[in-house]
Amino acid sequence: MKFVDEFRDADKAHALAARITALCEPGRQYKLMEVCGGHTHTIYKHGLEDYLPEQVTLVHGPGCPVCVIPMGRVDDAMALASDPDVIMTSFGDMMRVPGSNGSFFDAKARGTDIRMVYSPLDSLKIARQNPDKRVVFMAIGFETTAPSTAMTVLRAAAEGLPNFSVFCNHVTIIPAIKAILDSPDLRLDGFIGPGHVSTVIGCRPYEFIARDYGKPVVVAGFEPLDILQSIYMLMLQLSKGTSTVENQYSRVVPWDGNPVALRAIGQTMELRPYFEWRGLGFISHSALAVREEYARFDAERLFSVPGVRVADPKACQCGEVLKGVLKPWECKVFGTACTPETPIGTCMVSPEGACAAYYNYGRLTRQRVREASPS
Amino acid sequence: MTRGHLDSPGVAAGTPPDGGVPAPPDGAPASAGWVERALREHDEQVQGETARFERHGSPQPLPGTVREELVLERIDRARRARPRVKEDRITMSHGAGGKATQTLIEAVFLDTFRNPLLEPLEDAARLHVNGARVALTTDSYVVSPLFFPGGDIGDLAVNGTVNDLSMAGAVPLYLSAGFILEEGFPVADLTRIVASMQAAAVAAGVQVVTGDTKVVQKGKADGCYINTAGVGVIEHSLDLGVARARPGDVVLVSGPIGDHGVTIMLARGELDIEADICSDTAPLNGLVASLLAAVPGVRALRDATRGGVATILNEIAVAAGVGVIVTEGDIPVRAEVRGASELLGIDPMYVACEGRLVAVVSPEDADGALAALRAHPQGTGAAAIGTITAQPPGIVQLKTAFGGTRIVDLLVGDPLPRIC
């Protein structure tokens, strides 16, 4: 299939893998973090780690939108949805994320009106069709999805739609990366930059990583060859001892981002002083809220949101997995209490979560490595 | 909840402004009861393992690889544990054909009805009636929309039951048809559905010989649901079953996969994607008859409906205690289905077919079986997609076109509700 098969060519992969191996200095270990959950998914789905030399380890970062939603926010959303006047709309990924009283799917089975949408704009359609109901869109995601929420708010404002609002949980990637860089228990050599987020924010916001922390960044696409090439570009920088931001995904990502999308976000949303991230705790200026001017579309202003805080279960080590300190299988409850069917931690929920990807696709890769290693 | 009112031009770029950050709220947060329950069960399960993990009498923990092995062992044990439905209520996942469906069937139905005829959980039960071997099956149809490119709920209901009998190696003979109709349902639509059932029955060489009709109040059903049951006779001495797969056997599919599921999803019109594809709904009894006549070495047949080919392969791996390894590049998928799947982020391996079978065949008969399938009009797109291996038991692996390897597990969750 055109525009897909070219990026999955096994011969090119072998060639790239050989060049990556050739760049490995003897005795040196390389830890590279792919920030984005979409990359994690690609890596496991295509078995990309099979190509990497043992010295190169991929660490799965915090860029999975549902994985970083704290349980308390899910409970807040559930409280909103339980209002009989409310129709809650949500992306499919969010439906299985557990709150302290089950997931949206469980709530739906109990009779709560929660509907899956493919685009936030579909919520407007539902709002128009149900004028006697109040439609609340559960907005999640990084800068990738924030523009579509912003456009939906702008559209609703232009139409003067009275029964639509947003429960805003949008987060921003840069503070999370900074939190990881500042985390004392982690040593990373470079970053595979998030491709989709960068289509919106561009490559400039990553410059501090190269400049202040001395780590190379390569913004990457989502096909397996994109990622392999990005790893090669990172290894090349590491071998030369340079640290700059490079754009492997230039066919989609403009260096300065998408000004129209940025303007829409800036027009409708503003930074929160702090926001709780699953496993990472409170990070300042890391999330977006609806601006005062659009207060009539802000569910947090329109409804009394309980503002629940639920502690991450002690045994759940999502935080360490998100920071890349632990491999998924090193979590105490991985695969036993926490499985894709009954996820405790959010990393096990989404196919982009490191734990789910490893559980569903990756277990054998590790097994093979173990069989091959002499110990 | 405190809201942020910082006017920051750096919002979109995500650069955090300095200073002026209020402290996050403190106070003891609540915890979730169900999580504690799950953790208690976990503790019970791993009791006694701790000593192994921490190497008795030694201050150092075990090396990573050994610990991982223990974790994998533990997962394996958890997967083999007696299935239990943890939810209080039925969710859509219980009908999706994946893990939740399997758990529901085993924990609720099989556990209660348990008998040797039900236990194999094949597509149809095989019974002895006065010396004759008979196959019996039933299936309900709740597809939405009722009419879709390539078919409708009527021919789906006939073909589905004909195929379940065919997979047991039976010649399908008689069907029953039960209708649950919603008040207000157009009679013209019902007439059209029934006409299409009759056409499908004629094509498959079966008769609908008994039936039932119920009407429920408006809003208590969605238009029209159909249940069909069927009986057929098994005229050969073969004992087909997924548990009979042996290392070295070859896995075949009878044509491109995923057509039905993707057609239904696009026919709902929720996605604004158009593609020139139709459902593959078709009776497979003719194809099965040609296959069984051509070679003696057929071990198992399954039609790849809900849960798709991936689910069938997992059933084979678990039932026979074998490994299955398939090659992505050998699995036939139409470009339209692949394109739609790529766009929607779903895997065609899990998408339903309604006129495709998966066959496990002995190695010496693989070529003959493939030729027999391809010689039949329903099997022109047949392909060999993989082999049965001894190791690792219970696991399906995929060699990706990219050149890597990954696991293909049972589906969790519900990407496409009400496809049949």
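**View 1. A helix lies over strands of chain B.** Helix H11 of chain B (residues 366-375) lies across E8, E9, E11 and strand E12 (383-389) of chain B, and runs at about 5° to E8(B). Helices (H or I, at least four residues) and strands (E, at least two) are DSSP runs, numbered from the N terminus. Axes are lines fitted to C-alpha atoms, for helices over the stretch in contact, with angles from 0 to 180 degrees between N-to-C directions. Contact between two residues asks for C-beta atoms, placed from the backbone, within 7 Å. This is a predicted model: local features need pLDDT of at least 70, side-chain atom pairs count only at pLDDT 80 or more, and totals for chains, interfaces and linings use all residues. Residues are numbered from 1 along each chain as its sequence is written, while chains are lettered from A and ligands numbered from 1 in the order in which they are written.

**View 2. Here is the open sheet of chain B.** Its seven strands come in the order E9-E11-E8-E12-E10-E13-E14, with mixed pairing; two strands pair if DSSP finds at least two bridges between them. At the edges sit E9 (298-303) and E14 (405-407) of chain B, each pairing on one side only. From one strand to the next, the twist averages 25°. Zoom in on E8 (residues 250-253) and E11 (residues 357-361) of chain B, and you find an antiparallel pair with four bridges. There, B:Val253 stands opposite B:Val358.

View 3. E1 (residues 125-129) and E2 (residues 132-141) of chain B are antiparallel over five bridges, with B:His128 partnered by B:Arg133. Two residues separate the strands of this hairpin, and B:Asn130 takes a positive phi near 50°. E2(B) also pairs with E7 (residues 224-234) of chain B, again in the antiparallel sense, over nine bridges. One bridge joins B:Ser140 to B:Asn227.

**View 4. Two helices cross in chain A.** The axes of H6 (residues 146-159) and H11 (residues 259-268) of chain A come within 8 Å and cross at roughly 60°. H6(A) and H11(A) are therefore oblique to each other (under 35 degrees counts as roughly parallel, over 145 as roughly antiparallel, 65 to 115 as roughly perpendicular and the rest as oblique). Among the residues that meet are A:Ala146 and A:Leu154 from H6(A), and A:Ala261 and A:Ile265 from H11(A).
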